[in-house]
Amino acid sequence: MSSPTVCTREVIVNLENGLHMSPSARIVQTAQTFSGDISIRKGEKVVDGKSMLDVLTLAAEKGTKLVLEASGDGAQQVIDALEKLFKTNFAAE
């Protein structure tokens, strides 16, 4: 039996107001489309990427470095989608 796919990516928060309600909601919505586990790490703190409250507790200000990690089928795709949110500063599509 093969081990689950794990994908990690480092992103930087470039939003002027940091990771507030709206972008946090976009992260959680994107994460919830994925069946596996998603975590977001800021320094030593690790939170569940599918929990709005958890994501907000990161208090990630502009310039904060975060590490996204997904495990399970489709891990690469969900990490790519989350990274795109950060790279486009959460611009509406």
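Glu83 is buried, with a relative accessible area of 16%, where buried means under 20% relative accessible area, exposed over 50% and partly exposed in between (1.4 Å probe, protein chains only). The model is predicted, so local features need pLDDT of at least 70 and side-chain atom pairs count only at pLDDT 80 or more, while totals for chains, interfaces and linings use all residues. Residues are numbered from 1 along each chain as its sequence is written, and side-chain values use heavy atoms, with hydrogens and water left out.

Glu83 lies in helix H3; helices (H or I, at least four residues) and strands (E, at least two) are DSSP runs, numbered from the N terminus. Leaving aside neighbours within four places in sequence, Glu83 is in contact (heavy atoms within 4.5 Å) with Arg9, Val11 and Leu68.

A search of the whole structure finds one aromatic pair. This pair joins Phe86 and Phe90 in an edge-to-face arrangement, 5.1 Å centre to centre with 70 degrees between the planes; rings of Phe, Tyr and Trp (its six-membered ring) pair if their centres lie within 6.5 Å, and planes under 30 degrees apart count as stacked, over 60 as edge-to-face and the rest as tilted.

| Residue | Relative accessible area |
|---|---|
| Phe86 | 4%, buried |
| Phe90 | 11%, buried |

In helix H1, the buried residues are Pro23, Ser24, Ile27, Val28, Thr30 and Ala31. Seen down the axis of H1, these buried residues fall within an arc of 165 degrees (taken from the directions from the helix axis to the C-beta atoms), so they line one face of the helix. Their cover includes strand E2 (37–42), helix H2 (52–57) and helix H3 (75–87).
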